[in-house]
Amino acid sequence: MAVELDVFVGNTTIMDEEVYQLWLDGYTVNDAVKVRMEGGVMEECEASADVLLSDTMDQYRTFQMCERLLHSPSKLANQLLFQIPPNRQAMLIERYYAFDDAFVREVLGKKLSKGTKKDLDDIGAKTGVTLKSCRRQFDNFKRVFKVVEELKGPLVENIPPIMRLLLISGIMLPLFFFANHRFETGKRKLQYLTFQDFAFCAGQLISNWTVGAVDNMVEDMDVDLDKEFLQELKELKVLITDKDLLDQHKSLVCTALRGKTKAFNEMEANFKNLSRGLVNIAAKLTNTKDVRDFFIDLVEKFIEPCRSDRWTAADMRLYLTHYNNSAHILDTFKHQAVWDRYMVVIKSCIFKMYHD
């Protein structure tokens with residue numbers, strides 16, 4: 001009996017995005033097959049379990065062979081072994097270098113060392129991210145960080161195009177910034193903060209306090225904090241060391257707040273302590289350890305006292321707005337530019353970190 005058989009020959013590498021994601025997430029072949037079956041792919045494609053297993057194994061082998069190219073993304077476009085359309089190449093790279101927020105939150109601010117890599121088992125157990133995925137993300141972070149660290153000039157301008165895409169994705173740049181300055185993020189008092197909270201604050205710091213924020217011609221990474229600005233912050237101490245200035249500032253703020261919030265009495269009673277807390281944070285930022293403790297200090301010296309007095313987020317916003325604006329009315333206060341550059345970050349970070 002004659003048998004008709006349709007044959008199609010092509011050289012484009014077939015890659016299923018769902019299977020690729022399962023591979024990236026660290027699923028074994030058998031687990032991936034189970035997920036695909038539960039998703040109804042057998043009914044959709046009218047395939048048997050054996051065919052599905054064979055297809056999954058074949059795609060896993062392809063991804064494993066591509067992995068070495070993904071370690072150096074520019075090589076993917078120039079190799080001849082796999083015929084992959086440009087849009088597919090972009091997808092492979094983007095997903096390979098993607099990060100889980102839960103994983104990133106655990107490694108944020110940690111040193112990229114063998115010691116941290118040994119902790120990946122615990123991080124995986126805590127976050128629910130597979131060990132294989134944790135290792136991929138950690139190695140990718142180190143790989144990209146090494147590329148960026150060796151560059152000169154403005155960070156986002158000079159990195160290779162694909163790395164630039166990764167940076168502006170919203171995850172890489174905060175990671176670099178936190179790794180560069182080793183900010184403390186693991187203390188118990190900071191556990192309520194998410195990666196997105198820290199990423200937002202990192203963006204504020206980068207946009208306002210770094211060398212690149214004021215000079216895009218610098219010859220080093222523009223995520224380094226501006227040391228000249230940090231030195232100038234010491235001048236703000238006059239707001240708390242000059243008794244007349246402190247009293248004037250308090251009077252202006254309290255006059256503006258009176259009758260506008262139920263927390264007024266607490267605001268008036270704690271004004272000097274809160275002001276000392278904020279100004280002392282500024283004055284100590286020339287010290288590397290105090291830079292690392294920046295978020296701890298914001299919580300301990302400002303957020304916790306306000307929270308214990310039951311301030312709402314609206315109270316916090318009202319207070320900081322008048323606290324900041326009133327400094328502009330003080331005739332003998334001569335450091336307005338430094339004050340504004342400092343307070344724009346402080347206000348934004350506290351607003352983000354204050355969960356009432």
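Biologist: Is Thr56 buried or exposed?

Modeller: In this predicted model, Thr56 has its place in helix H4. Buried means under 20% relative accessible area. The relative accessible area of Thr56 is 0%, so Thr56 is buried.

Biologist: Which side chain makes a polar contact of 2.9 Å with the side chain of Thr56?

Modeller: A polar contact needs a pair of N or O atoms within 3.5 Å. Thr56 touches Val19, Val29, Ala32, Val33 and Arg36, leaving aside neighbours within four places in sequence. The side chain that joins Thr56 at 2.9 Å is that of Arg36.

Biologist: How far is the backbone oxygen of Leu52 from a polar atom of the Thr56 side chain?

Modeller: Both Leu52 and Thr56 are listed for H4 in its contact with H2. From the backbone oxygen of Leu52 to a polar atom of the side chain of Thr56, the distance is 2.8 Å.

Biologist: Are H2 and H4 oblique or roughly perpendicular to each other?

Modeller: Helix H2, residues 29–38, packs against helix H4, residues 49–70, at an angle of about 125°, and their axes are 10 Å apart. Roughly perpendicular covers 65 to 115 degrees, and roughly antiparallel begins over 145. The two helices are therefore oblique.

Biologist: Is the crossing of H2 and H4 left-handed or right-handed, and how do the residues of the contact divide?

Modeller: The crossing is right-handed. H2 contributes Val29, Asn30, Ala32, Val33, Arg36 and Met37, while H4 contributes Leu52, Leu53, Asp55, Thr56, Met57 and Tyr60. By class, the residues of this contact are eight nonpolar, two polar and two charged.

Biologist: How is H13 oriented to H14?

Modeller: Helix H13 spans residues 172–181 and helix H14 spans residues 195–209, with axes 9 Å apart and an angle of about 75°. Angles of 65 to 115 degrees count as roughly perpendicular. H13 is therefore, relative to H14, roughly perpendicular.

Biologist: How many nonpolar residues are in the contact of H13 with H14?

Modeller: On the H13 side are Leu173, Pro174, Phe177 and Phe178, which meet Phe195, Phe198, Ala199, Ala202, Leu205 and Ile206 of H14. No polar and no charged residues take part, and the nonpolar count is ten.

Biologist: What is the relative accessibility of His249, and which residues does His249 touch?

Modeller: His249 is found in helix H18, residues 243–257. Its relative accessibility is 0%, so His249 counts as buried. Not counting residues up to four places away in sequence, His249 touches Leu239, Phe271, Ser275, Tyr323, Ser326, Ala327 and Leu330.

Definitions and conventions:
Residues are numbered from 1 along each chain as its sequence is written. This is a predicted model: local features need pLDDT of at least 70, side-chain atom pairs count only at pLDDT 80 or more; totals for chains, interfaces and linings use all residues. Side-chain values use heavy atoms; hydrogens and water are left out. Axes are lines fitted to C-alpha atoms, for helices over the stretch in contact, and angles run from 0 to 180 degrees between N-to-C directions. Helices (H or I, at least four residues) and strands (E, at least two) are DSSP runs, numbered from the N terminus. Angles under 35 degrees count as roughly parallel, over 145 as roughly antiparallel, 65 to 115 as roughly perpendicular and the rest as oblique. A crossing is left-handed if the near helix is turned anticlockwise from the far one by less than a right angle, and right-handed if clockwise. Contact means heavy atoms within 4.5 Å. Ala, Val, Leu, Ile, Met, Phe, Trp, Tyr, Cys and Pro count as nonpolar, Asp, Glu, Lys and Arg as charged, and the others, Gly among them, as polar. Buried means under 20% relative accessible area, exposed over 50%, partly exposed in between (1.4 Å probe, protein chains only). A polar contact is a pair of N or O atoms within 3.5 Å; within protein, one must be able to donate a hydrogen and the other to accept it, and residues adjacent in sequence count only if both atoms are side-chain atoms.
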